[in-house]
Amino acid sequence: MKREYVYPAFGRFWHWTQAFLILFLAVTGFEIHGSLRFFGYEQAVRFHNGAAWSFLVLIAFAVFWHFTTDEWRQYVPTWKNVRAQAEYYLFGIFQDAPHPTRKTKLKKLNPLQKIVYASLKLFVLPLVWVSGLLYMFYRYPQKHEVLALDVTTLEPIALAHTAGAFALLVFLVAHLYLTTTGHTVTSNLKAMVTGWEDVEEEPAPGAGPSHAAATPDAR
Amino acid sequence: MKKILLALVGLAVAASLVVAQVRKKDAGPKPVEALRETYRTKTKPSVDHALFAQLKGPFRRPQDVTAACISCHNGRHTEVMSSSHWSWERVEYVAGKGIRAVGKKNVLNNFCIGVAGSQQSCDKCHAGYGWADASFDFSNPMNVDCLACHDNGGTYAKKTAGAGLPEPGLDLAAVARKVGRPQRENCGMCHFFGGGGNNVKHGDLDVALLDTTREVDVHMGTDGANMACVDCHRAVKHQMLGKAYSLSSMNRNRVACESCHGAVPHEDDLLNKHGYKVACQTCHIPTYAKVNATKLRWDWSTAGKLRDGKPYEEEDGDGNHAYLSIKGTFTWGKDVVPEYAWFDGTASHYLLGETFDPSRPLVLNPLGGEYDVPEAKVAPVKVHRARQIYDTKRRVLVQPKLFSAAPGDGGYWGDFDWNAAAAAGMREVGLPFSGSYGFAETEMNWPVNHMVAPKEKAVSCEECHAREGGRLAKVGGFYLPGRDRSRFLDGLGTTLLLATLGAVVVHGGARIWFRRRRHAGGK
């Protein structure tokens with residue numbers, strides 16, 4: 001076991017700000033949707049719009065960061081080890097088997113994460129951003145109208161936005177739970193706070209099953 | 001590393017502040033303050049009519065007063081005579097019916113139904129003298145009643161059932177010497193009492209507006225803007241701005257809130273955006289008939305019951321007529337929450353002689369507009385429902401003669417005979433009557449425009465953006481956030497969410513269980 005600096009400062013800042021914004025947008029958004037009452041409708045709308053703009057600003061920085069640091073390569077999906085990773089979550093994890101993939105600064109995501117995060121970044125989040133912007137800038141049928149986009153009703157926009165919101169919520173629940181599947185229950189969480197994580201060393205050839213006995217549970 | 005982190009946090013904060021600033025408008029003097037200033041100074045008449053020799057009098061006939069007025073204001077009578085206050089009709093395009101002359105003269109309502117046959121009584125509110133029957137000369141300028149609208153002394157009154165002539169015995173010269181710009185009292189004399197009593201018709205035009213607070217009406221409250229009717233309903237050459245959609249059809253010559261307040265009256269764009277599809281009145285008139293009740297339902301079918309051969313009246317607990325032998329049964333409402341409808345400023349009308357389907361309520365003035373119509377906005381409406389007489393064989397609404405000048409003339413209020421009243425009324429409008437009558441359910445739409453509440457009392461977001469029971473629950477054709485959703489999508493989303501939570505519980509539970517077993521085995 002060695003400590004490695006897996007999550008650089010901006011990555012952590014981006015992650016936690018985004019986490020807060022998504023949670024906040026979910027609460028205010030579902031209040032606007034009529035599913036709950038918390039801030040009051042007017043405040044919910046104001047907060048939701050404000051948080052949405054903050055989110056877009058954050059994303060602008062994050063996109064820049066991904067490309068300048070080549071971080072985007074981390075998210076390129078691969079089929080390699082997908083099966084092993086799935087088998088780990090379905091079987092190995094219960095036997096305290098070792099993680100099938102090693103986490104390093106250069107390879108911080110496992111193959112399942114790559115697929116899920118890439119689709120989040122390429123499909124779900126853009127769906128929410130685009131539908132959200134259309135929601136804000138939807139032109140209601142009005143006098144002296146100039147039709148830029150011939151969208152005649154808010155409904156498809158609102159429904160796309162709602163669908164994205166549900167997808168994000170589902171991701172959030174699964175994501176929160178999967179953070180507990182690290183080396184210890186809280187090690188992933190701690191790493192995302194400090195940047196440093198205990199990572200498994202390259203397993204010595206033939207070491208395999210002894211691993212279970214070698215790691216006393218820190219829970 | 002910390003430095004970079006701090007710099008990034010700082011940058012993000014700065015960026016959010018920039019975004020917040022971009023959305024804030026330059027604070028100048030609020031437009032509404034400028035409006036208050038404009039209406040704070042009340043116009044004073046430029047001349048004192050008491051000093052004019054022409055108005056010394058005495059005037060034997062009211063027409064002599066008109067002649068005196070015209071002797072200085074020459075030509076003004078032609079303006080009045082081309083206005084709807086005189087003609088009681090306008091030539092307009094009626095949706096689906098073409099260009100027609102429609103107005104109080106010939107359009108039926110579901111209150112006192114129509115003027116034909118009852119001119120003697122109804123024409124108390126005509127801006128003229130002597131319109132007692134169809135023979136009235138609309139081209140005689142001497143019959144223009146200047147005083148009804150211009151008396152500033154508060155002494156002028158028209159005689160009940162006097163065909164628009166003044167109360168006998170009035171000192172007309174004294175009235176004439178105190179003329180000026182129309183006051184609330186002048187307009188209210190007719191517009192408050194339409195339908196045969198205070199606030200009966202409109203619901204938002206109540207005699208209480210003569211002296212009221214801004215709580216009731218921000219514009220007319222004496223502790224508010226204290227405005228007169230004609231401050232908004234301006235007249236150019238005696239053509240008043242604004243028209244009631246009980247009678248009018250086209251979207252023109254209207255008074256709109258936007259005329260003074262502009263299209264973007266709020267400092268907050270969130271509210272301004274509502275203005276694309278929501279009329280100002282919808283949020284700013286949460287209830288109408290705030291002081292005195294208005295009629296919501298009128299059932300003519302129960303009229304005609306007599307006690308000892310005489311008509312009688314009954315009052316409800318609030319002192320409003322619950323039953324009148326001459327008119328039937330009423331339901332009243334006070335502080336009423338309006339109904340809401342898409343409204344683009346146009347209305348169609350049931351026109352005399354049209355057949356209809358009596359099995360469904362007949363809407364006498366269907367309002368134009370739906371979500372897709374650019375001009376259409378959601379507007380508050382008083383809906384007045386009634387059961388009124390119709391010809392069951394010919395399936396047309398009946399214009400009955402109501403007012404009775406002498407027994408046996410057919411007037412329902414004297415003879416209490418629907419057959420005779422229907423025959424006499426239909427003869428008056430030149431339509432046949434089969435001799436068999438019934439009572440049909442009708443509805444009339446009265447868009448609500450007055451009794452604007454102080455902004456603190458405006459309708460709140462949740463009153464419309466509500467899943468169920470909101471003010472706009474019945475207004476369709478669009479997606480309203482907070483009210484509308486896709487049941488399928490919400491169901492699917494919730495199911496997926498619960499399934500994920502379930503999977504987490506099962507998976508997590510299994511992990512704990514296996515771990516315990518391992519530990520137990522280890523010992």
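## Terms and model

Two strands pair if DSSP finds at least two bridges between them. Helices (H or I, at least four residues) and strands (E, at least two) are DSSP runs, numbered from the N terminus. This is a predicted model, in which local features need pLDDT of at least 70 and side-chain atom pairs count only at pLDDT 80 or more, while totals for chains, interfaces and linings use all residues. Residues are numbered from 1 along each chain as its sequence is written, and chains are lettered from A and ligands numbered from 1 in the order in which they are written.

## Strands of chain B

Strand S12 (residues 362-363) of chain B runs parallel to strand S15 (residues 437-447) of chain B, and 2 bridges join them. Val363(B) sits opposite Glu443(B) of S15(B). Strand S13 (residues 377-391) of chain B runs antiparallel to S15(B), with 11 bridges. Here Ala386(B) has Thr442(B) as its bridge partner. Arg385(B) faces Glu443(B).

Strand S5 (residues 294-299) of chain B joins S13(B) in parallel through 3 bridges. Strand S11 (residues 339-343) of chain B pairs with S13(B) in the antiparallel sense over 5 bridges. In that pairing Tyr340(B) lies opposite Pro380(B).

Strand S14 (residues 396-397) of chain B is antiparallel to S13(B), with 2 bridges. Asp391(B) has Val396(B) as its bridge partner. S13(B) and S14(B) form a hairpin with 4 residues between the strands, and Arg395(B) takes a positive phi near 55° in this hairpin. A residue is buried if 20 or more other C-beta atoms, placed from the backbone, lie within 10 Å of its own, exposed if 12 or fewer, and partly exposed in between. In S13(B), 13 of the 15 residues are buried, so this strand is largely enclosed by the rest of the structure.

## Arg254 of chain B

Arg254(B) lies in the loop between strand S4 (239-240) and helix H11 (257-261) of chain B. It counts as partly exposed because it has 15 C-beta neighbours inside 10 Å. Two residues are in contact if their C-beta atoms, placed from the backbone, lie within 7 Å. Not counting residues up to four places away in sequence, Arg254(B) touches Leu241(B), Gly242(B), Lys243(B) and Gly345(B). Lys3(B) is 251 residues apart from Arg254(B) along the chain, and their C-alpha atoms are separated by 64 Å.

## Chain A

Chain A has 7 helices and 2 strands. Their order from the N terminus is β-α-α-α-α-α-α-β-α. Of its 219 residues, 19% are buried. Among contacts in chain A with a separation of 6 or more, 68% join residues 24 or more positions apart.

Helix H4 (residues 111-137) and helix H5 (residues 155-178) of chain A have axes that come within 8 Å and cross at roughly 140°. Residues from H4(A) that meet H5(A) include Leu120(A), Val124(A) and Tyr135(A). Those from H5(A) include Ile157(A), His161(A) and Phe171(A).

## Where the chains touch

The contact takes 40 residues from chain B and 37 residues from chain A. On the chain B side, the elements that give two or more residues are helix H1 (2-23) and helix H16 (487-522). H16(B) gives the most to that side, with 12 residues.

Notes:
Axes are lines fitted to C-alpha atoms, for helices over the stretch in contact, and angles run from 0 to 180 degrees between N-to-C directions.
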